[in-house]
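The sequence and the structure come first, and the notes follow.

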Amino acid sequence: MLITIEGIDGAGKTTIALKLYEYLKKEKGEVYLFREPGSTEVGEKIREILLMYEVGDITELLLFESARAELTERLLLPLLKKGKIVILDRFCDSTTAYQGYGRGIDIEMIERINMFASRGIKPDLTILLDISPEVALERLRAKDRFEEIDFLRRVREGFLRIAEKNERIKVIKADEDIETVFKNVLGVVREHLC
Ligand code: T5A
């Protein structure tokens with residue numbers, strides 16, 4: 001089973017993904033937690049490159065997709081074939097939302113490249129942590145990070161549009177306290193694990 005966690009920067013994905021991982025590990029035993037871009041040697045190098053250099057929009061898209069192809073090949077495919085539970089902090093929906101709705105690259109083309117890089121793997125469940133960019137930015141500011149609000153607004157709208165088109169995506173309000181958000185996430189995950 002593949003569970004992906006999505007949302008704009010500062011929505012709380014990393015916090016919730018870790019809590020879910022710890023919970024499911026106790027309950028189910030073998031569970032894996034990965035992040036995009038990253039979780040493989042090459043994927044982590046690509047993350048460093050993306051943090052270090054300002055690259056063009058197409059280069060950025062292809063770097064995210066390369067990290068995804070590596071993760072898919074080395075970890076996702078083998079683990080999912082064995083029936084393991086995998087939690088993934090961002091996946092293809094992030095590329096559609098950020099590079100498509102955020103940066104304006106053709107969405108149909110992104111979806112095709114997403115399919116290619118992920119070998120057509122579809123998450124069984126996607127948790128979309130939805131939060132206003134204003135609240136997300138406050139959280140990021142506390143960590144000395146700054147993002148452009150208009151960009152985050154477009155990305156949030158993009159995520160919500162993707163959610164409208166895909167039943168696997170469950171939208172959870174992420175501006176409540178961490179325990180409340182987690183309780184709501186767990187409710188949805190439990191329904192899918194039964
Ligand atoms: N990207 C990624 C693309 O453009 N295209 C792609 O295809 C992919 C895969 C890196 C960047 O790459 C882009 C998106 C990103 O800009 P990332 O590492 O996932 O991706 O970056 P962020 O989303 O920015 O990760 P963050 O860790 O900063 O944000 P999270 O994971 O959403 O939030 P989290 O859990 O770290 O929480 C942020 C802060 O808020 C607090 C936490 O303690 C933390 O301090 N917090 C809460 N505070 C109050 N109430 C709550 N409910 C809270 N939940 C968390």
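## Asp-9

Asp-9 is buried, at a relative accessible area of 14%. Buried means under 20% relative accessible area, exposed over 50%, and partly exposed in between, with a 1.4 Å probe and protein chains only. The model is predicted: local features need pLDDT of at least 70, side-chain atom pairs count only at pLDDT 80 or more, and totals for chains, interfaces and linings use all residues. Residues are numbered from 1 along each chain as its sequence is written, and side-chain values use heavy atoms, with hydrogens and water left out.

Asp-9 sits in the loop between S1 and H1. Helices (H or I, at least four residues) and strands (E, at least two) are DSSP runs, numbered from the N terminus. Its side chain makes a polar contact with the side chain of Tyr-98, at 2.4 Å. A polar contact is a pair of N or O atoms within 3.5 Å; within protein, one must be able to donate a hydrogen and the other to accept it, and residues adjacent in sequence count only if both atoms are side-chain atoms. Beyond four places in sequence, Asp-9 is in contact with Arg-90, Tyr-98, Ala-136, Leu-140, Arg-145, Glu-147 and Leu-152. Contact means heavy atoms within 4.5 Å.

## The ligand

Which residues come nearest to the ligand? Of the 25 residues around the ligand, they are Lys-13, Thr-14, Thr-15, Arg-90 and Arg-145. A residue counts as near if one of its heavy atoms lies within 4 Å.

For Thr-15, a polar side-chain atom is 2.5 Å from an oxygen atom of the ligand. Gly-12 has a polar backbone atom 2.9 Å from a ligand oxygen atom. On its own, the ligand has 1000 Å² of accessible area, and the protein covers 79% of it. Areas come from the Shrake-Rupley method with a 1.4 Å probe; for residues, only the protein chains shown count as cover.

Arg-90 is in the loop between strand S3 (85-89) and helix H4 (92-102). Is Arg-90 buried or exposed? Arg-90 is buried, at 14% relative accessible area. Its side chain reaches the backbone oxygen of Gly-7 at 3.1 Å. Not counting residues up to four places away in sequence, Arg-90 touches Ile-5, Glu-6, Gly-7, Ile-8, Asp-9, Lys-13, Glu-36, Tyr-98 and Phe-159.

Gly-7 lies in the loop between strand S1 (2-6) and helix H1 (13-28). Gly-7 is buried at 0% relative accessibility. Among the residues it touches beyond four places in sequence are Lys-13, Tyr-98, Leu-128 and Leu-129. Gly-7 and Asp-93 are 86 residues apart in sequence, yet 9.1 Å apart in space, C-alpha to C-alpha.

## Nonpolar cores

The largest nonpolar core has 39 residues. Such a core is a set of buried Ala, Val, Leu, Ile, Met, Phe, Trp, Tyr and Cys residues joined through side-chain atoms within 4.5 Å. Ile-3, Leu-20, Ile-127 and Leu-129 have the most contacts inside the largest core. A second, separate core of eleven residues includes Leu-2, Leu-71, Leu-77 and Leu-79.

Leu-79 lies in helix H3 (residues 57-81). Leu-79 is buried, at 11%. Beyond four places in sequence, Leu-79 is in contact with Tyr-32, Phe-34, Lys-84 and Val-86. Leu-79 and Ile-127 are 20 Å apart in space, C-alpha to C-alpha, and 48 residues apart in sequence.

## Helix H8

Helix H8 (residues 178-193) has 16 residues. H8 reaches 22 Å from its first C-alpha to its last, close to the 22 Å expected at 1.5 Å a residue. The expected span is 1.5 Å times one less than the number of residues. The buried residues of H8 are Val-181, Phe-182, Val-185, Leu-186, Val-188 and Val-189. Their cover includes S1, H1, strand S4 (125-130) and strand S5 (169-173).

## Backbone exceptions

Most residues other than glycine have a negative phi, and most peptide bonds are trans. Arg-90 has a positive phi, near 80°. Phi of Arg-119 is also positive, near 55°. The peptide bond from Glu-36 to Pro-37 is cis, with omega near -10°. Pro-37 is in the loop between strand S2 (31-35) and helix H2 (41-52).
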